[in-house]
Amino acid sequence: MKIGKRFLIKLSLTFMLVGAIVSFIGFASSGFDIDQYAENQHHWYRVVHFE
Amino acid sequence: MNRIEFIKTLSSKLSYVMKPEEVRELVDYYDEMILDLMEEGMSEEKAVSQLDSPESIIESIKGTPLEFKFPIRKKVSPLWMVLLIAGFPLWGSLALAGIMIVMSIYILIWCIPFLAGSLAFAGVLGGLVSVVLSPLATFDGLHIGLTQFGIGLFLFGAGILFTMLTLSMSKTFIAYSQSMTNKIKKILFNQRSVVSI
């Protein structure tokens with residue numbers, strides 16, 4: 001399979017779209033409540049922080 | 001006419017219209033042509049007859065312009081030397097300021113691809129770390145793991161996009177920098193050493 005410029009653009013845009021949807025679902029499952037992320041948020045494996 | 005006769009006639013006639021080194025170059029050229037034809041199987045006389053006669057060669061050369069190399073005079077007078085040394089604080093600082101301006105232009109130009117490259121690196125690395133660590137974050141809550149995974153995917157996609165942007169921009173910026181460097185070199189070191197008449 002030939003990996004061209006257009007394919008990479010499509011792939012990256014798909015990643016971004018899917019990522020936005022998944023993170024929206026994640027945030028929605030918290031009930032759109034930032035306080036739900038407060039627990040253990042300084043653990044080394046946590047990337048999402050809300051100060 | 002054999003090869004030696006041809007070369008003798010040609011060089012004696014050329015010596016009236018050309019400089020000795022130019023005569024030698026041209027005679028060598030015709031001699032090589034004769035030898036090549038002889039290597040292909042022709043006899044010496046046949047090979048010579050394939051070329052133009054010495055007279056017609058002279059006629060064809062008469063119209064063409066000749067190049068003479070004049071050495072550039074690089075003699076600097078003592079007065080100039082004194083002025084250069086005494087004026088160094090002035091011209092030296094001006095030259096340094098000029099170099100700094102050129103350097104800052106280069107740095108300013110390359111800030112754009114550097115910024116895009118930094119975003120690409122941060123996006124790809126941050127995205128990968130975020131996705132890989134999201135299962136661990138799930139232990140703190142499913143919503144946390146999902147959010148982290150989604151943000152990781154988004155960052156990774158943005159990182160790829162910025163990587164491509166950096167690569168395509170770098171090509172343009174390299175070409176621009178090369179042309180700018182060539183222009184500066186041309187302005188600073190352009191000297192004529194060959195004069196056509």
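Colleague: How many residue pairs are in polar contact across the interface of chain B and chain A?

Modeller: The model is a predicted one, and for this count both residues of a pair must be at pLDDT 80 or more. With that condition applied, the number of residue pairs in polar contact across the interface of chain B and chain A is 6.

Colleague: Which element gives the most to the side of chain B that touches chain A?

Modeller: Two elements of chain B give two or more residues to the side that touches chain A, namely H6 and helix H7, the latter spanning 142–189. The element that gives the most, with 17 residues, is H7(B).

Colleague: Which side chains meet in a salt bridge, and at what N to O distance?

Modeller: Between chain B and chain A the count is 1 salt bridge. It is formed by the side chains of Arg46(A) and Asp140(B), with an N to O distance of 3.3 Å.

Colleague: What area is buried between chain B and chain A, and which residues of chain B lose the most?

Modeller: The contact takes 27 residues from chain A and 22 residues from chain B. The area buried between the two chains is about 2,200 Å², and carbon and sulfur atoms give 78% of it. On the side of chain B, 25% of what is buried there comes from the residues that lose the most area to chain A, which are Asp140(B), His143(B) and Met164(B).

Colleague: How much of chain A is buried, as a share of its residues?

Modeller: Chain A has 1 helix and 0 strands, and it exposes about 3,800 Å², of which carbon and sulfur atoms supply 66%. Of the 51 residues in chain A, the share that counts as buried is 24%.

Colleague: Which element supplies the largest share of the nonpolar patch on the surface?

Modeller: The patch, with about 980 Å² of accessible area together, includes Val76(B), Met81(B), Phe88(B) and Trp91(B). Two elements of chain B give two or more residues to the patch, helix H5 (78–86) and helix H6 (88–138). The largest share, 6 residues, comes from H5(B).

Colleague: Why does Trp80(B) count as exposed?

Modeller: Trp80(B) lies in helix H5 of chain B and is one of the residues that form the nonpolar patch. A residue counts as exposed when its relative accessible area is over 50%, so Trp80(B) qualifies because its relative accessibility is 52%.

Key
Residues numbered from 1 in each chain as written. Chains lettered and ligands numbered in written order. Predicted model: local features only at pLDDT ≥ 70, side-chain atom pairs only at ≥ 80, totals over all residues. Heavy atoms only, no water. Helix = DSSP H or I, 4+ residues; strand = E, 2+ residues; numbered from the N terminus. Buried < 20%, exposed > 50% of the residue type's maximum accessible area, 1.4 Å probe, protein only. Areas by Shrake-Rupley, 256 points an atom, 1.4 Å probe, with all protein chains shown as cover. Patch = residues over 30% accessible without salt bridge, like charges linked within 9 Å, V, L, I, M, F, W, Y side chains within 5 Å. Salt bridge = Lys/Arg side-chain N within 4 Å of Asp/Glu carboxyl O. Contact = heavy atoms within 4.5 Å. Buried area = accessible area lost by both parts, 1.4 Å probe. Polar contact = N/O pair within 3.5 Å; in protein donor to acceptor, adjacent residues only side chain to side chain.
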